[in-house]
Amino acid sequence: MQRHSRPIGTVGIVAMLLLCAFMLSAVRAESAVISVCPNSGIQDRGQTYPPGGIILAAFDGGSMWVYNIDTNRRYPLPDTNPCGTNCRLSRDSRWVTYVDSQTNAYAKMRLDGTERTQLVDYAADIEWWSQDTLLVWTPGKSAYLRPEAEDTRAYLDVHDVMAVQPGGHWGLMVEQRGDNFTRALINLDTRDVQGITDGYYDLGLEKPYFDAARWSPDGQWLAFTGMGSFNPQAGLAGGELYAIQPASGRDIVQWTDLTAVYGAARINGRTSTELSWSPDSSKIAFWVIELTGLNPEANTGIAVIHVLTAATGEVRSYCGFATNEHTPNPPRLIWSPDSHHIAFGGNVPGDDKGYLLLALDVESGVFTQLSDGIYPTLGGANPIAWGYPP
């Protein structure tokens, strides 16, 4: 889709035409999906598990816990609450943000719970915009940039914006057009400047279960899901993964052609932020759930992990684990600091261990049980972050 000025006075039918134009203009992906199926089952971890490090998770409902991979030990962190996606790993994978349970202020700490430092005493969320600059979202839905070490603020124009580009000033916006909601990528610096027409990309309709979007850590790519082509055999259209590099001025790229492989499929669940980029921004992990009917909540098969390599468009699926616990959301996928392993909480059918902390080696396709007893909090039995010890 080419850049264009913001549309004015549109209604539902126009939004549908824009979606069709978007799909036709996107560069089509290769249809092949490489299956990685070592047939080894879920393995028990040995004395060590590369790449080591610390995984933060919840093993009860009271606090965050440290799981030290190298020592195979775990312990709770005092003065913390179970945390979801608002505990964010720093660019070097050595710090994590959290909310202090005593003060309700945002702070950072090492992944073993040491060196705790207050960052902002009043915020709805904090992201790492760069290694030393924070993006602070206020409860009033404004946002500003501030150096980590000092309270100076540069406010951004983020009305209707859901996500801001790391290290940049592009924002993902959701806006209403008639009876529909649509997504757009907008330049925050020029959005209200008269005569500027090249700071806007239309990304199509905002539709539950087909609206995931996530910036790569380096800010180069916005990956997002959208509706694919209509499949006449299945009688419906499934989801596909698309991407755009706003700084390059290039067209939207269609990264997957899941319809050619599965007929029709859903990517991830209802939470729109769950696409999982590797720390080095080279790969993106997601769940694929085959659709058996028009209802993306009820007419579904099992969920299987897929990983796409951004540079080549190669897509791999991993057969060693599948789950039917995927609605409204499948397990959250957390990358290792070296971008070669993925951790998640999975309930293996037929055993009595409950939710396991599992890890996938994306090269070999082998799944390994690291620990058991993950406690479901905040909507799922999900790990929080995987980083380095001090």
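Predicted model: local features only at pLDDT ≥ 70, side-chain atom pairs only at ≥ 80, totals over all residues.

Residues are numbered from 1 along each chain as its sequence is written, and side-chain values use heavy atoms, with hydrogens and water left out.

By a pocket I mean, on a 1 Å grid over the protein atoms alone, an open set of points where a 1.4 Å probe fits, with protein on both sides within 12 Å along at least five of seven lines, and its lining residues have an atom within 4 Å of a point. The volume is the space filled by probe spheres set on the points, which are joined across faces, edges and corners.

The largest pocket has a volume of about 1400 Å³, and of the 48 residues that line it, Thr85, Arg88, Glu127, Arg214 and Thr273 are the closest to its centre. By class, that lining has 25 nonpolar, 11 polar and 12 charged residues. Strands here are DSSP runs of E, at least two residues long, numbered from the N terminus, and β13 gives the largest share of this lining, 4 residues.

The second largest pocket holds about 320 Å³ of space, and the closest to its centre, of 23 lining residues, are Asn329, Pro330, Gly379, Gly380 and Asn382. Its lining has 8 nonpolar, 12 polar and 3 charged residues, and the largest share, 3 residues, comes from β27.

Now to the backbone. Which peptide bonds are cis? One joins Pro50 and Pro51, with omega about 5°, and Pro51 is in the loop between β2 and β3; another runs from Thr327 to Pro328, with omega near 10°, and Pro328 sits in the loop between β25 and β26.

Lastly, Tyr209, in the loop between β16 and β17, has a positive phi of about 75° although it is not a glycine. Ser339, in the loop between β26 and β27, has a positive phi near 65°. Buried means under 20% relative accessible area, with a 1.4 Å probe and protein chains only; Tyr209 counts as buried at 2%, and Ser339 counts as buried at 1%.

Definitions and conventions:
Nonpolar A, V, L, I, M, F, W, Y, C, P; charged D, E, K, R; others polar. Buried < 20%, exposed > 50% of the residue type's maximum accessible area, 1.4 Å probe, protein only.
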